[in-house]
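I opened the model today and kept notes as I went. Each entry says what I looked up and what came back.

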Amino acid sequence: MNWAKSISLTEIAFLLVFLLIYGFYFWRTKEIGKAIGKASRVRLLKFVWRAVYFTLFVMALLGPSFGKTETEVRFSSQNILLAIDLSASMNTSDVAPNRLEKVKLELYNLLNNVKNNRVGLILFSDRAYWQIPFTYDTQLVREYISALDTEIMPSSGSNLNAPLRLINEKIKPSTKACLTLIVSDGESFEAPDMALINTLKTKQVEFMFLGVGTENGGSVQYKGQELKQEDGSPIRSHLKVDELQAFSQALDAPLFFLKNDFSELSKVNTEIQKSQNIVLPGRKRLVINNKYSIFLLIGFMLAALDFMVPIKVFRL
């Protein structure tokens with residue numbers, strides 16, 4: 001037999017109280033017996049009976065178990081990685097007030113639903129930087145996201161392969177499963193790197209894409225001013241659906257969209273919840289079979305019989 005915990009001061013205190021009460025009971029019945037000239041023949045029997053079920057109660061507190069079984073473990077938490085595009089085109093105003101501000105608001109709300117998960121943050125333009133390692137402190141991640149600005153990045157260009165390269169570098173085959181959400185308007189000066197993508201498929205990394213913007217596009221803003229080309233015409237940026245689809249299809253990843261009056265963040269949240277129920281192969285552990293209920297049930301049965309079947313202490 002195994003025990004979930006060793007006897008502590010709590011159990012010892014219960015036993016001492018029981019013995020003190022019964023010591024007083026023995027003394028009282030002895031005194032009463034002297035007064036009436038009768039000796040109690042059953043007080044020892046009642047003591048043994050009550051000591052048995054009281055001991056069973058104490059044993060139940062200690063968590064008795066018989067043997068061990070191997071069970072499959074389902075993860076209640078996971079690593080969630082947010083990769084956010086901070087290229088200059090994320091300042092486009094086709095999504096009010098602009099693409100980046102809309103993303104910051106939506107991700108702030110999304111993080112309210114992932115409090116039991118570890119969250120990490122990658123920022124990218126033509127290069128990617130891992131800004132926050134995986135942490136349960138989602139409030140820290142929210143505060144960092146709320147302060148994001150495209151001026152953080154040294155370059156205004158964008159490359160969707162950049163976060164993939166960083167993830168491939170940092171996520172090892174032995175690393176716990178990771179779900180990555182890549183947020184971008186799809187502007188990328190490189191096509192999907194298939195060699196890199198095939199390597200990522202060997203790791204425990206799932207991907208989702210969130211495309212931000214509209215196909216009609218809008219003017220690119222900088223510090224509240226519309227950026228213009230050399231000829232004076234405004235610089236415009238469009239949501240590149242084809243480029244996002246090329247990456248999502250290569251990675252077998254779902255693609256969602258965020259626009260002014262259309263948001264699929266609820267679907268992103270659904271995918272996060274679904275991935276929490278995935279059982280990863282080879283993840284098993286030994287679980288002790290706690291049988292405290294058996295001792296508790298027998299103890300209650302003996303206690304009930306003690307109250308239901310009265311036994312006279314003295315026969316007059």
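The entries below go from the whole chain to single residues.

**Entry 1: ground rules**

I am working on a predicted model, where local features need pLDDT of at least 70, side-chain atom pairs count only at pLDDT 80 or more, and totals for chains, interfaces and linings use all residues. Residues are numbered from 1 along each chain as its sequence is written, and side-chain values use heavy atoms, with hydrogens and water left out.

**Entry 2: confidence and make-up**

I began with pLDDT, the predictor's confidence in each residue, from 0 to 100. The protein chain has a mean of 83, and 84% of its residues reach 70 or more. Where is confidence lowest, and where is it highest? Strand 13 (residues 284–290) is lowest, with a mean of 53, and helix 7 (residues 241–250) is highest, at 96. I also noted residues 278–283, where pLDDT stays under 50.

Next I listed the secondary structure: nine helices and 13 strands. Both kinds are DSSP runs, numbered from the N terminus: helices are H or I with at least four residues, strands are E with at least two. Then I checked burial. Buried means under 20% relative accessible area, exposed means over 50%, and partly exposed lies in between (1.4 Å probe, protein chains only). Of the 316 residues of the protein chain, 42% count as buried.

I looked at contacts too (heavy atoms within 4.5 Å). Among those with a separation of 6 or more, 81% are between residues 24 or more positions apart.

I traced an open sheet of six strands in the order 5-4-3-6-7-12, with mixed pairing. Two strands pair if DSSP finds at least two bridges between them. Strand 5 (128–135) and strand 12 are the edges, each pairing on one side only. Strands of a sheet pair through backbone hydrogen bonds, either parallel or antiparallel.

I then went pair by pair. Strand 4 and strand 5 are antiparallel, with five bridges. Here Val-119 sits opposite Thr-135 in strand 5. Strand 3 and strand 4 (residues 118–124) are parallel over seven bridges. How does the chain get from strand 3 to strand 4? The path runs through helix 3 (residues 99–110), and this β-α-β crossover is right-handed. Right-handed means that, with the strands pointing away from the viewer, the path from the first strand over the helix to the second runs clockwise. On the other pairing, strand 3 runs parallel to strand 6 (residues 178–184), joined by six bridges.

**Entry 3: strand 3**

Why is strand 3 (residues 79–85) largely enclosed by the rest of the structure? Seven of its seven residues are buried, so the rest of the structure largely encloses it. Asn-79, Leu-81, Ala-83 and Asp-85 point one way, Ile-80, Leu-82 and Ile-84 the other. I picked Leu-82 and looked across. Leu-82 stands opposite Leu-121 in strand 4, and its bridge partner in strand 6 is Leu-181.

**Entry 4: the cores**

I looked for nonpolar cores, which are sets of buried Ala, Val, Leu, Ile, Met, Phe, Trp, Tyr and Cys residues joined through side-chain atoms within 4.5 Å. The largest has 30 residues, and Ile-84, Ile-145 and Leu-181 have the most contacts inside it. Helix 3 gives the most to this core, with four residues. Another core lies apart from it, with 29 residues, including Ile-122 and Phe-209.

I followed Ile-145. Leaving aside neighbours within four places in sequence, Ile-145 touches Leu-82, Ile-84, Lys-104, Leu-107, Leu-111 and Leu-121.

**Entry 5: two single residues**

Is Ser-87 buried or exposed? Ser-87 is buried, with a relative accessible area of 1%. Ser-87 lies in the loop between strand 3 and helix 3. Beyond four places in sequence, its contacts include Phe-124, Thr-150 and Ser-156.

Glu-226 lies in strand 10 (residues 225–226). I noted it as partly exposed, at 37% relative accessibility. Glu-226 and Asn-91 are 135 residues apart in sequence and 9.8 Å apart in space, C-alpha to C-alpha.

**Entry 6: helix 7**

Last, I returned to helix 7. Its buried residues are Val-241, Leu-244, Phe-247, Ser-248 and Ala-250. Their cover includes helix 5 (161–170), strand 6 and helix 6 (194–200). Just after helix 7, Asp-252 takes a positive phi of about 55°.
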